[in-house]
Amino acid sequence: IVSKMQYKSHIGISDTLKILIENANNGKNNPLIVRKLLKVVIEDIEYEIYLTQSYVENLNEEIKRLNVIKKYEDRMNKSKKEKDKNYYLEGINLLLKENETLENLSLIFEEYKKAYETRKAIIDNLYNEIKIIKKLKV
């Protein structure tokens with residue numbers, strides 16, 4: 001269904017399943033096949049949740065890393081001695097990844113937060129989709 005209807009996610013797939021159930025009740029589709037299809041779709045949604053959750057955990061780790069960098073930057077800016085400033089700058093440079101700089105750090109941080117919140121919302125919507133599908137009766 002996902003590939004046939006060109007869904008990018010399983011969010012909203014329950015509407016299509018409702019049509020299939022209606023067709024099964026009218027004799028157009030085999031009810032046994034539709035019941036099995038519901039189980040397969042739930043398994044697919046659970047897998048999508050798993051993958052998205054893995055990505056969310058990765059984003060969370062990146063956000064934690066960026067928070068440490070921000071903390072080091074604050075301490076570096078408050079330091080009076082050049083030796084202390086260099087110490088914190090070295091720590092920052094160890095934590096920065098490719099294409100990350102102190103100048104673009106806040107932009108990257110906001111992008112990670114936005115991606116994190118978006119994916120969390122997707123997970124919530126997928127769980128809601130499972131609840132809707134489990135209430136469907138063939």
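Me: Is Tyr-47 buried or exposed, and why?

Reply: Buried means under 20% relative accessible area, exposed means over 50%, and partly exposed lies in between (1.4 Å probe, protein chains only). Tyr-47 counts as exposed because its relative accessibility is 51%. This is a predicted model, where local features need pLDDT of at least 70, side-chain atom pairs count only at pLDDT 80 or more, and totals for chains, interfaces and linings use all residues. Residues are numbered from 1 along each chain as its sequence is written, and side-chain values use heavy atoms, with hydrogens and water left out.

Me: Where does Tyr-47 sit?

Reply: Helices are DSSP runs of H or I with at least four residues, strands are runs of E with at least two, and both are numbered from the N terminus. Tyr-47 is placed in helix H2, residues 31-78.

Me: How many helices and strands does the protein have?

Reply: There are 4 helices and 0 strands. From the N terminus, the order is α-α-α-α. The radius of gyration is taken over C-alpha atoms, and the globule rule is 2.2 Å times the number of residues to the power 0.38. Here the radius is 24 Å, well over the 14 Å the rule gives for 138 residues, so the protein is more spread out than a compact globule. Its C-alpha trace spans about 80 × 25 × 15 Å along the principal axes.

Me: Which residues have the most contacts inside the largest nonpolar core?

Reply: A nonpolar core is a set of buried Ala, Val, Leu, Ile, Met, Phe, Trp, Tyr and Cys residues joined through side-chain atoms within 4.5 Å. The largest one has 16 residues, and Ile-13, Leu-17, Leu-38, Val-41, Ile-45, Ile-49 and Ile-133 have the most contacts inside it. Helix H1 (13-25), H2 and helix H4 (105-135) each supply at least two of its residues. H2 gives the largest share, 7 residues. Another core, of 10 residues, lies apart from it; among them are Ile-63, Tyr-88, Ile-92 and Phe-109.

Me: What is Leu-38 in contact with, leaving aside its neighbours within four places in sequence?

Reply: Contact means heavy atoms within 4.5 Å. On that basis, leaving those neighbours aside, Leu-38 is in contact with Leu-17, Ile-21, Ile-133, Leu-136 and Val-138.

Me: Where is Asn-99 found?

Reply: Asn-99 is in the loop between helix H3 (82-95) and H4. Its phi is near 70°, a positive value in a residue other than glycine. Asn-99 is exposed, with a relative accessible area of 65%.
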